[in-house]
Amino acid sequence: MILRGAEAVRYLAKPDPARAGLLVFGQDAMRVALKRQEAILGLIGAEGAAEMRLTRIPASELRRDPAALMDAMTAKGFFDGPRAVLLEEATDGLADLIGKVLREWRPGDAQVVVTAGGLTGRSALKKLFEAHPNAVCIGLYDDPPTREEIDTMLRQAGLGRIDPAAMAGLAALARDLDPGDFRQTVEKLALYKLGDSAPLSSADVAEMAPASIEAGVDEVIHAVAEGRRAEVSPLVRRLEAQGVTAVALCIGAMRHFRSLHRIAAGAEPGRGGFNPRQERMQRQARQWGVSRLEEALTLLVETDLTLRSASRAPAMAVMERALIRLCTVR
């Protein structure tokens, strides 16, 4: 069974212990790790790992010892309570073995939780979990966290009272930060508000927000959005020297241009004073217009597919060419 959207969010927060298995996959390793952590916590509780009700098996170890997964699934623990077996970084090459283990699963066995990187629609591992009558398949993509996901993070951190302006600021941060960085920001906010009964305010969010949100990436994206073509190549070279990948730059550009498109289409109204980039982005959105922003997003999606394909073209050169073309589109 495959779950998407809000259903996937709810399931990861509270997985069904009667299921035989769960597959969580996605290109963003941090996003997969966070959701896998959330699912394991929902399955076995906060004391599960300490009570040895969680067994971790790297995929490389399973290749050397194929019986390890079956043994861990059927083993009986010293403590009562649900158990889980975590198989990390699985690939299609393990699909047959995992399938055999899932077919042998019986009530009382440990649930098999599998994580994987980006899987295609033809992936044997993905098809296995989608088709299995007692397993769940959840794909994680590079979209920003939904409002429900943000609410869940805040609730888990103990932040219950939140001003609407603060929630708008958190939503803006969630679009700009990597999943791990956003979660760290929420945890910092929870510590900052410890013992403070007042609702979380936009000023609190501004105080705890990272001082620089991928400042170098933002700089080149703003240069593109504002048509400063001569600055693009030097900035790209500097980012490459700092270790920024073409895929990361492409993801940042897509997020920025999606935000511009929402603003231009009237789907993202002004949010007050928290986001210091708001006025600048509104100006960029007006200069581009909806139709040219759609053309820009099409170009970025094509570039992203090229970067993730088997193409031998230098990745950063492909990305640089796309950014220069965006300046021309503008």
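Helices H13 and H15 are roughly antiparallel to each other, a label used for angles over 145 degrees. That comes from their packing angle of about 160 degrees, and their axes lie 10 Å apart. (Axes are lines fitted to C-alpha atoms, for helices over the stretch in contact, and angles run from 0 to 180 degrees between N-to-C directions.) H13 covers residues 246-264 and H15 covers residues 290-308. Among the residues making the contact are Ala246, Met254 and Phe257 of H13, along with Leu293, Leu300 and Leu307 of H15; contact here means heavy atoms within 4.5 Å.

Before going on, some ground rules. This is a predicted model, where local features need pLDDT of at least 70 and side-chain atom pairs count only at pLDDT 80 or more, while totals for chains, interfaces and linings use all residues. Residues are numbered from 1 along each chain as its sequence is written, and side-chain values use heavy atoms, leaving out hydrogens and water. Helices (H or I, at least four residues) and strands (E, at least two) are DSSP runs, numbered from the N terminus.

Now for the sheet. Six strands form an open sheet with parallel pairing, in the order E1-E6-E2-E5-E4-E3; two strands pair if DSSP finds at least two bridges between them. E1 and E3 (54-58) sit at the edges with a single partner strand each, so one side of each has no neighbour in the sheet.

Let's look at E6, residues 135-140. On one side Ala135, Cys137 and Gly139 are buried, and on the other so are Val136, Ile138 and Leu140, where buried means under 20% relative accessible area with a 1.4 Å probe, protein chains only. E6 pairs with E1 (residues 2-3) over 2 bridges, and isoleucine 2 has cysteine 137 as its bridge partner. E2 (residues 21-26) is joined to E6 by 6 bridges, with phenylalanine 25 opposite glycine 139. E2 also runs parallel to E5 (residues 111-116), through 5 bridges, and there valine 24 stands opposite threonine 115.

Helices pack on this sheet too. H1 (residues 5-13) touches E1, E2, E5 and E6, and its direction makes about 115 degrees with that of E6. H2 (residues 29-44) touches E2, E3, E4 (84-90), E5 and E6, and its direction makes about 170 degrees with that of E5.

How far can you trust all this? The chain averages a pLDDT of 85, with 94% of the residues scoring at least 70; pLDDT is the predictor's confidence in each residue, from 0 to 100. Over residues 270-275, though, pLDDT stays under 50.

Definitions and conventions. Buried means under 20% relative accessible area, exposed over 50%, partly exposed in between (1.4 Å probe, protein chains only). Angles under 35 degrees count as roughly parallel, over 145 as roughly antiparallel, 65 to 115 as roughly perpendicular and the rest as oblique.
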